[in-house]
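Student: I would like to go through this model one feature at a time. Please show the sequence and the structure before we start.

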Amino acid sequence: MSNRLWLFVFLAFCCSVRAQCPDTSQYIRWSANASWNTANATVSIAAGQKVLLDVAPSVVLGVIQVRGTLFVSNKQMELQTQGIVVYSGGSLIVRGTLFVSNKQMELQTQGIVVYSGGSLIVGTPTCPITAKLTITLFGRKANAGSDTLGVFGNVAFGSKGIAVAQNGSLQMNGYVNPLGPLWCRLSKTAMQGDKTLTLDTPVYWNVDDSIVISSTDFSEVLDSKQSNPPPMYGAAFPEQSETAVISSISADKKTLTLKTPLSWMHWGANYERAEVGLLNRNIVVRGDNTSESELYGGHVLLRHGQILQITGVEFTRMGQQGILGRYPVHFHMAMDVYDITAALINSSLHDNYQRCISIHGTNGVLVKQNVAYKTYGHCYFLEDGSETNNTFDGNLGVYTKLMNPPLIPSDVKPSMFWITHPQNSFINNAASSTFVGFWVIPPDSPLGTSGKIWPNMKPRLGVLMGPFDNNVAHSCYWDGFQAQDGQDDQGVLHGLSVGWNPANNNFPNTFTNFIGYKCRRSAFWAHFIPRGLYRDSVLLDAGQQLFTGTGVDSPVNFTFVGESENYGLAVGNRSRSIPTPNGKPDYVGGFRCYDNGGGSQLINCTFINFTSSAEKMMGGFVNSDGGQYGTYPDGACFNCKFIHANPMVAGTDRSLHSYNTVKNGLCFADASGAVIPGGGWFAGNQSLYDTFPGAIARPETNGYLLPSFHGRLVSMHMHPNVYAQDTTNPWISTDTAIYEEPEGPATVVRYRPLGSASDGPFLYTMGKGPTPTLGYWSPFCTDKNGRRVATIPYLDLSILDAKTGDWNVVVFPVPRGVQYNVTYRGVALPLAPRWEDLSPGSVWYNNTNQHLYILVNADYWSFSQYAYKNDSIEGYTYWLRGMDYIQVRASCTLDQCSLPGKYVIPAMPSTIPYVLRYDKYRLKFKTPAGQPAGESQVYLQLYPSSFLDGPAVGFQIWHTAPGGAADLYASWEDRSTGLVLADNVVGQTAFFSMIRISRAFWQAAVDGNLQMSIRSIADGRQLLVGVFKLEDPTAAFVPPSSPSACATPSYDVMNVYTNGSFTSVNNTAMNRNVAKNSTGADDRQAITVPCKYTSLEFYIRTQTSYNNYNFFNISLQAISLPGQYSSVYIVPSKSADFIINSHGWSFVRLNLAELGGNVISSLTLKFNPYYADTTLLVDQLSLLPASLNDDHVLKNGGNAVMACVFTLTVLLF
């Protein structure tokens, strides 16, 4: 905009606002009353009087008592007074000129109090202050407790401040040019010594204005060599934010020339661009010249009023350090302010002594487009945890200094935004040069005064984070964003990772468009945020850029940059600054997950410039502190890219500078095969991984790339001395060896496959190591001194991140004669009679080698068919089923708890338990046109007699087709007949599960006709297709024969129906809640059953599928005596076709003894659970004799029927 045009716009604005300003021509002139210019005079303006302050008093006045109206004219003057008190019904109106002039006005006072019904008006929105007007607040710290401003109710207003009592009003409106922002960013890097700044947008600032330029390097570090070093210490590193004065502005208003050269480089490219903020405003509220020496400035305190609006005001030398409630701007217990204007807008707060703005017990405040620079303690501050629905929009905060001694304990670790309740909005803000940029730290209950008013409020429970969008944090000593620490009722921080818990887990806590860089620990530390969804963000140049906790977290469309072009301040012989405050190199990672976490789904993420050097290791994924703990392997990266980046770095905080001497539990799935063709896992340094087929060692990252295989990696928990026990399991005194890595922090576990050498490769973990499934393992435990300890008397076993189909067998020594018990969810697991009979519901003890064998599996206890719908945040399913602990407890002490001497791993048995026998199939996907689809593949394990009580397949899907569970499904088909055998299975890559199968499914696999199609949910279009091939054709299990559907059986049967036809006409069971009546229906018949008939058989199918489910839980309920029921769940082993679905008739045979024996009076088929509007078809319902009960196909079992005859009535519901 040209200068002429700008002048025209400005004059037009001035003329418009002049027309809306008060007419003072009839006001009483101050100069007409000589007594009002007397030293220490008390000036009283009566109610109804309107006085114009037309001259500046030449003396220091006493208290000005205003019951009417005082209007300050536009003349250069200085008003010195001991105080101004505005009584009920009165107002103090202070105005400057409408035109730019050299005239200035300063009001000097010990304080201003606005009483109930009164108002202080320093400009209005339509008539703002356009010239410089300064209010200077006087007072010394020695008088801090005198409360010269008064005490109103139970609130002391203190001294040296502006206070608005309940029902008072405050308006302070300084003119702010609406054509441009009050802060912006560089568009070009400004080098040290430069005198120009190039901005990303035009600004309408003035020559001689003061500005702040934020640091774009790592934060200040205080020298650790000083005595009693405070937090934020280490190898001294300078704060690089700075102020400057404008000497000229270019015609396009995008280039500022400064009066003095810059002291530091300020980056201004890509995502790392320094903020530049204007510090001057027309209205200035400040402390006097003694403020700095005592850190005792002015303060503004606001209760609930008619209007509480501050716009375009500069606050400096404000805040009274160490005194509670004395802040530059303080909304104090104003409760709900939704019905009034309560806002701090377009203002600046700089060089203050305690906080910037505090919102305390107040809901609904707007804090917008402010610039804050250099204060002590937390800056933008939500005080107690009761504050909700406040909006922080477009605010800049630069440089908080630690307050020591602190007002509250955490002030020694100051944040720019202190967030004690998640239910507030944070959008478009920027935080820099602070300990934590945005610190979310909700207490259990509100603190302080708020806790008395809202004792039942729970800030951590039942709330979701308000909008958190388009925020920036950089140059932080610790984190750009943090949600982890707790605080007690005194505000003392504790290490308990608290986070918060929303009421409805179906809705995520969403964080979008965040930029974080140059943060020493983490750009975004989201520990224990429940169900976090993080979108469209960029994190750069941080120690660990994104850290998440235990929830199912989904970073989507993230860019991680290990080292950007912004090299910062190089120290010593380095070419760039480094994150660690101690000046020593550390590993640098993009994404990190807490060791108890898991299920993080990274979607469409890009990792750039994570390349290790001789000084430090770098990688896209990094493990938790103490890599021995491990990370849950079900975390996965979908459609990720790695550009000049190692996929992972397996370094740990305990193993700095000696990375490859410590075994490591890092593990994340490369779901889309971005690095590992065909998919697999980025894994840490474990010697066992050397034995994996196709494993690629990556010593530069202290890890391995593990290709996909039959099964998957899981978090196998085999922890002796469980957390609830006070003492460790005992040493083995006869084994005095000191084993590897004795520096472990607690009991650690090494586990090896059965049959391996006792000194061979192993997995090393604190108890949750990434372990292959479908395996047989022997744990070997040592304590922190490297001594072997017994596995019992306390042992917990679990697959913590279990998904359907996961299992492992764990084997450990239990000396003969030791009393022990094994339970799951309080249910005792009995001994299996043989090794072949081992199941998840039993254990087996080998009396020869004195070892206990346990099959760890969750499906036996609670089977879910499969994920038939999207159960994810961003369309990619997590589908964790989880598992409780199998608990082993024994009565033994010292060497009674284990076998003596050095441990020898048992041999692998020559046979396999029945439920674990399977054939291996594998599929290679192609496109529908027959073109290869890379290394896309599916692994399949076909169990003829699984722990699901019938045939089943476990499978692992890997492919490169984009899309998740909301986009893709897998359809299983017989390519020879076109019959769909199972559909609506989740079709995304890296999906692992198990489903029960039909006879037709099994036969298609054996015949080489089983194919899988990956299809689009939107239109059913086939995207990928492949045929399963048996990996070892000589080992195939073949399905047993089955009766032909609807054929007359060759053995003796008794047809239940007596209508003369073997097949009935109307034998259907509709909705389970609708019964056919007894009249006119042949579905209800009483017959006499001879004793030789002891089993019931029938054909059954569903007329249609339900939500594409093709397996139904059906039960047959028998009524014997009145009120007595017996129910038999039709498990797969009771059906010759193994499942009941809509694709064909299934043959079922049940033993009548299970249904009540000789006193059965009626039978009812029921859906369990209830499937609405699903029609069940039943036919050929008949009885058969005892001689066929032991049919080799149908192993029904059960007791013999005790009576020769009984009466049976069949009811189909």
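Student: Where is the place of Asp536?
Tutor: This is a predicted model, in which local features need pLDDT of at least 70, side-chain atom pairs count only at pLDDT 80 or more, and totals for chains, interfaces and linings use all residues. Residues are numbered from 1 along each chain as its sequence is written, and side-chain values use heavy atoms, with hydrogens and water left out. Strands are DSSP runs of E of at least two residues, numbered from the N terminus. Asp536 sits in the loop between strand 49 (532–535) and strand 50 (538–540).

Student: Why does Asp536 count as partly exposed?
Tutor: Buried means under 20% relative accessible area and exposed over 50%, with partly exposed in between (1.4 Å probe, protein chains only). Asp536 is partly exposed because its relative accessibility is 31%.

Student: What is the phi of Asp536?
Tutor: Most residues other than glycine have a negative phi. Asp536 is not a glycine, yet its phi is positive, near 50°.

Student: Is Met232 buried or exposed?
Tutor: Met232 lies in the loop between strand 19 (222–223) and strand 20 (233–234). Its phi is positive, about 70°, although Met232 is not a glycine. Because its relative accessibility is 7%, Met232 counts as buried.

Student: Which residue does a cis peptide bond join to Asn404, and what is omega?
Tutor: Most peptide bonds are trans. Asn404 is joined in cis to Pro405, with omega about 5°.

Student: What is omega for the cis peptide bond that joins Ile792 and Pro793?
Tutor: Pro793 is found in the loop between strand 70 (788–789) and strand 71 (794–799). For the cis bond joining Ile792 and Pro793, omega is about 25°.

Student: In strand 38, what is the bridge partner of Tyr373?
Tutor: Two strands pair if DSSP finds at least two bridges between them. Strand 35 (residues 371–376) has five of its six residues buried, so the rest of the structure largely encloses it. Strand 35 pairs in the parallel sense with strand 32 (residues 348–350) over three bridges, and also in the parallel sense with strand 38 over five bridges. Tyr373 is the partner of His350, and in strand 38 the partner of Tyr373 is Val398.

Student: In strand 26, what is the bridge partner of Leu133?
Tutor: Strand 11 (residues 133–137) has five of its five residues buried. Leu133, Ile135 and Leu137 point one way from strand 11, and Thr134 and Thr136 the other way. Five bridges join strand 11 to strand 26 (residues 283–287), and the two run parallel. The partner of Leu133 in strand 26 is Ile283.

Student: Which backbone nitrogen does the side chain of Ser1016 reach, and at what distance?
Tutor: Ser1016 is in strand 84 (residues 1010–1016) and counts as buried because its relative accessibility is 7%. Not counting residues up to four places away in sequence, Ser1016 touches Asp967, Tyr969, Arg1021 and Leu1023 (contact: heavy atoms within 4.5 Å). The side chain of Ser1016 reaches the backbone nitrogen of Ala1018 at 3.1 Å.

Notes. Helix = DSSP H or I, 4+ residues; strand = E, 2+ residues; numbered from the N terminus. Polar contact = N/O pair within 3.5 Å; in protein donor to acceptor, adjacent residues only side chain to side chain.
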